Amino acid sequence: MWSCLGQFSSVTIELIISKLTDTLEPVHLEVHNESHMHAVPPGSESHFRVLVVSSQFEGLSLIKRHRLVNEALKKELSSCVHALSIQAKTPEQWRSNPSLAKSPPCMGGSRGDHTVEEKLKAGRE
Amino acid sequence: SARFLCASADLQKDLGEMVKKDKVVVFMKGTPAQPMCGFSNAVVQILRMHGVDDYASYNVLEDSELREGVKTFSNWPTIPQVYFSGEFVGGCDILLQMHQNGDLVEELKKLGISSALLE
């Protein structure tokens with residue numbers, strides 16, 4: 001089991017990129033670590049946003065496209081990766097609107113829970 | 001809780017009934033009044049924008065068995081999860097894209113719900 005704390009380089013991003021590249025042959029791929037937006041320790045690799053542009057999505061409903069991405073990252077989603085935001089576009093859709101969506105702000109979950117904040121602080125010291 | 005005593009096969013059967021019981025069903029972190037995650041909150045906000053207030057929501061933070069069970073049930077790894085008429089629609093990203101491209105108004109119409117955005 002690899003570490004979810006990538007302090008020097010992003011192991012998880014590398015993994016996500018290589019798996020999605022192999023399975024979906026994207027013409028454009030972006031993977032962003034959004035963990036800093038959530039109540040997790042600094043350097044965490046738990047919350048990601050992916051933008052995948054692939055001709056394999058042509059003719060597929062959104063849910064089928066997302067299922068392909070989820071399936072490719074099944075192992076990661078059952079361990080380190082707690083949240084994965086997906087934009088799955090066809091090359092034509094990407095040409096007509098080449099923009100990355102934004103994630104909503106974290107509502108706290110544990111962020112509103114001070115005991116967790118204290119635990120996280122304690123873990124750093 | 002009583003659910004804790006259920007075998008997981010029973011939970012899958014229960015989920016089959018839970019998603020059919022109401023036209024719109026949301027499994028989320030927190031409640032519509034107090035969402036505990038930005039993605040769950042986004043789903044609540046989108047439904048509110050379309051005037052959909054009458055839906056069933058289940059807080060997975062209160063029940064870890066439900067949290068895992070619903071992922072198995074839908075073969076979908078994340079929360080929130082939205083169901084229309086017993087059919088899995090998707091998570092926050094899909095609902096947001098359906099809102100943006102107009103599909104959500106059409107899907108709600110199929111449920112007999114007239115979106116508030118049409119008014």
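Is Glu71(A) buried, partly exposed or exposed, and what is its relative accessible area? Glu71(A) is partly exposed, with a relative accessible area of 45%. Here buried means under 20% relative accessible area, exposed means over 50%, and partly exposed lies in between (1.4 Å probe, protein chains only).

## Before you start

This is a predicted model, in which local features need pLDDT of at least 70 and side-chain atom pairs count only at pLDDT 80 or more, while totals for chains, interfaces and linings use all residues. Residues are numbered from 1 along each chain as its sequence is written, chains are lettered from A and ligands numbered from 1 in the order in which they are written, and side-chain values use heavy atoms, with hydrogens and water left out.

## Chain A at a glance

Chain A holds five helices and three strands. Read from the N terminus, its elements follow the order α-β-β-α-α-β-α-α. Helices (H or I, at least four residues) and strands (E, at least two) are DSSP runs, numbered from the N terminus.

Of the 125 residues in chain A, 39% are buried. Among its contacts between residues at least 6 apart in sequence, 66% join residues at least 24 apart. Contact means heavy atoms within 4.5 Å.

## Two spots in a loop, and one in a helix

Let us visit the loop between β2 (47-53) and α2 of chain A, where Leu60(A) sits. Leu60(A) is partly exposed, at 26% relative accessible area, and it touches Arg65(A) and Leu68(A), not counting residues up to four places away in sequence. The C-alpha atoms of Leu60(A) and Thr90(A) are 9.5 Å apart, although 30 residues separate them along the chain.

Ser54(A) belongs to the loop between β2 and α2 of chain A. Ser54(A) counts as buried, at 0% relative accessibility. Leaving aside neighbours within four places in sequence, Ser54(A) is in contact with Leu24(A), Glu25(A), Pro26(A), Lys89(A), Thr90(A) and Pro91(A). A polar atom of the Ser54(A) side chain lies 3.0 Å from the backbone nitrogen of Gln56(A).

Over in helix α1 (residues 11-24) of chain A we find Thr12(A), which is buried with a relative accessible area of 0%. The side chains of Thr12(A) and Glu45(A) are joined by a polar contact of 2.7 Å. A polar contact is a pair of N or O atoms within 3.5 Å; within protein, one must be able to donate a hydrogen and the other to accept it, and residues adjacent in sequence count only if both atoms are side-chain atoms.

## Salt bridges

Over all chains, the count comes to six salt bridges, each being a side-chain nitrogen of Lys or Arg within 4 Å of a carboxyl oxygen of Asp or Glu. In one of them, Glu76(A) meets Lys19(A), with the closest N and O atoms 2.8 Å apart. This pair links distant parts of the chain: Glu76(A) lies in helix α3 (residues 74-77) of chain A and Lys19(A) in helix α1, 57 residues apart. Glu76(A) is buried at 1%, whereas Lys19(A) is partly exposed at 23%.

Our opening residue, Glu71(A), forms a salt bridge with Lys74(A), the closest N and O atoms being 4.0 Å apart. Lys74(A) is partly exposed, with a relative accessible area of 47%. In chain B, Lys71(B) and Glu68(B) form a salt bridge of 3.6 Å, N to O. Both lie in helix α4 (residues 64-74) of chain B, three residues apart, about one turn of the helix.

## Strands of chain B

Strand β3 (residues 81-84) of chain B points Gln81(B) and Tyr83(B) one way and Val82(B) and Phe84(B) the other, and all are buried. Four bridges pair β3(B) with strand β1 (residues 24-28) of chain B in the antiparallel sense, and Val26(B) stands opposite Val82(B). Two strands pair if DSSP finds at least two bridges between them.

Three bridges join β3(B) to strand β4 (residues 87-90) of chain B, again antiparallel. Tyr83(B) has Phe88(B) as its bridge partner in β4(B).

## Where the chains meet

The contact takes 20 residues from chain A and 18 residues from chain B. Together the chains bury about 1600 Å², 62% of it on carbon and sulfur atoms; buried area is the accessible area (1.4 Å probe) that two parts lose on being put together, summed over both. Leu62(A), Arg67(A) and Met107(A) supply 33% of the area that chain A buries against chain B, more than any other three residues. Across this interface the rule finds zero salt bridges.
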